[in-house]
Amino acid sequence: MTTLMTILGIVVFAIGLLFSIAWHELGHLSTAKLFGIRVPQYMVGFGPTIWSRKKGETEYGLKAIPFGGYIRMIGMFPPGPDGRLEARSTSPWRGMIEDARAQAFEELRPGDEKRLFYTRKPWKRFIVMFAGPFMNLILAVVIFMGVMMTFGIQTQTTTVGKVSDCVIQQSENRTKCAKGDQAAPAKAAGLKLGDKIVAFNGESVKDWSTLQKDIRANPGKDVTLTIDRDGKQLDLSAHLIKNQVSKTDGNGSYVEGEYVYAGFLGFTPASGIVQQSFGQSVDRMGDMMENGVQSLIDLPSKVPALWDAAFGDGPREDDSPMGVVGAARVGGEVFTLDIPPENQIAMMLFLVAGFNLSLFLFNMLPLLPLDGGHMAGALWESLRRNVAKVFRRPDPGPFDVAKLMPVAYVVAGIFICFTLLVLVADVVNPVRIS
């Protein structure tokens, strides 16, 4: 049964992956057609074609390797300086440039002269290239917000999960009370496991973050806690003391290794699935974006540990980079967890949404062959032309992105090596959620 559920989880994730890729390419396709660019192919996947159908001037198809997709637009790069495609050069770098030009024009038909990608204004080309990752961002936001506002997410609540026996400074890293330790204010006030704090000094509290801020902002003060115990509301009086506690990021999460002195009550909040309001969901979505950007920046620094996990004895860190194979394994593991089906569905949706958010951020890098590289080229061309117009200089013409193809091949080579490293790590030392 476990094997069957694992396979089901992998299949469900694969379907979500294929939809995400198709959704991404649909952004490119729809905007390209909107601006009159001819698109001969729209493909999901790479390698041999396993199914295709031609509708109008575009062939739509599915390929065997579901690790990406593409649309092929006519005239992605401008011709050479003389307006023609140049002969194949013996220089490998020059050959890359000329090959890229040749592929951009290999399906040129009579009447296509006005339907070439490079002839469109820079802002139109920018939109065409941005539309793909933007579709992934839309999908990620819709899934994340939808799950958080309807199902909820695992979060700390205002319900008491554990009451501390004594006051211990956070930096001491001990859990057992020592002789002479002061009794925790929560214990002295009579707070018990399962109590739900519904108000602080008469002010209603709905989430742990708000309650935590209230407690920390009142060191040395007597406060009133209104609790719900077995359906009945009670008021408890507590004297908050000043104690060394872990620093927070403002959202209730702790900053490792950093401490502050603040008000202290002395209980551990219970965790549970809590529906989020629209405002809370937006805040959490912003945090996810910020964490995603930081993870992208930190990616090079994670390579040594990833190499050690793949080919050495190193552990696979929880925040280690994970590829499609690793994500599929996690998807399979989700359906084997001993949790309610709705939790499994929510986790799977979060996994697909996380993949889409990563796809958006990754493609925004201003490097060829990523979408961001073409977007950067369009912005640079627009800047050059506007500067020339201001200073009444001749129009410099379209920016020749094809000249950057040698750099694109180097970048692609680095990406391929990194992808293979992640693939090996995902197979021999995968990230696990259980």
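Mentor: One definition before we start: buried means under 20% relative accessible area, exposed means over 50%, and partly exposed is in between. Also keep in mind that this is a predicted model.

Trainee: Is Cys177 buried, partly exposed or exposed?
Mentor: Take its relative accessible area, which is 40%. Buried needs under 20% and exposed needs over 50%. With 40%, Cys177 is therefore partly exposed.

Trainee: And Cys166, is that one buried or exposed?
Mentor: Use the cut-off again: under 20% counts as buried. The relative accessible area of Cys166 is 7%, so Cys166 is buried.

Trainee: What do Cys166 and Cys177 form?
Mentor: Look at the sulfur atoms of Cys166 and Cys177, which sit 2.0 Å apart. The cut-off for a pair of cysteine sulfur atoms is within 2.5 Å. A bond of this kind is covalent and joins the sulfur atoms of two cysteines. So Cys166 and Cys177 form a disulfide.

Trainee: How many residues apart in sequence are the parts that this pair ties together?
Mentor: Cys166 lies in the loop between β3 (153-163) and α4 (185-189), and Cys177 lies in the loop between β3 and α4 too. The pair therefore ties together parts that are, in sequence, 11 residues apart.

Trainee: Is the link of Cys166 and Cys177 left-handed or right-handed?
Mentor: Check the angle about the S-S bond, which is -105°. With that angle, the link of Cys166 and Cys177 is left-handed.

Trainee: Now Cys417: buried or exposed?
Mentor: Exposed starts at over 50%. Cys417 has 54% relative accessibility, so Cys417 counts as exposed.

Trainee: Which helix does Val387 lie in?
Mentor: Val387 is one of the residues of a nonpolar surface patch of about 510 Å², along with Trp380, Leu383, Val390 and Phe391. Val387 is partly exposed, with a relative accessible area of 35%. As for the helix, look at residues 371-390: that is α10.

Trainee: Zooming out, what radius of gyration does the protein have?
Mentor: Start with the comparison: a compact globule of 434 residues would have a value near 22 Å. The C-alpha atoms here fill a box of roughly 85 × 65 × 45 Å along the principal axes. The radius of gyration of the protein is 28 Å.

Conventions: Residues are numbered from 1 along each chain as its sequence is written. This is a predicted model: local features need pLDDT of at least 70, side-chain atom pairs count only at pLDDT 80 or more; totals for chains, interfaces and linings use all residues. Side-chain values use heavy atoms; hydrogens and water are left out. Patches are made of residues with over 30% relative accessible area and no salt bridge: like charges are joined within 9 Å, nonpolar side chains (Val, Leu, Ile, Met, Phe, Trp, Tyr) within 5 Å. Accessible areas come from the Shrake-Rupley method with a 1.4 Å probe; for residues, only the protein chains shown count as cover. A salt bridge is a side-chain nitrogen of Lys or Arg within 4 Å of a carboxyl oxygen of Asp or Glu. Helices (H or I, at least four residues) and strands (E, at least two) are DSSP runs, numbered from the N terminus. Buried means under 20% relative accessible area, exposed over 50%, partly exposed in between (1.4 Å probe, protein chains only). The radius of gyration is taken over C-alpha atoms; the globule rule is 2.2 Å times the number of residues to the power 0.38.
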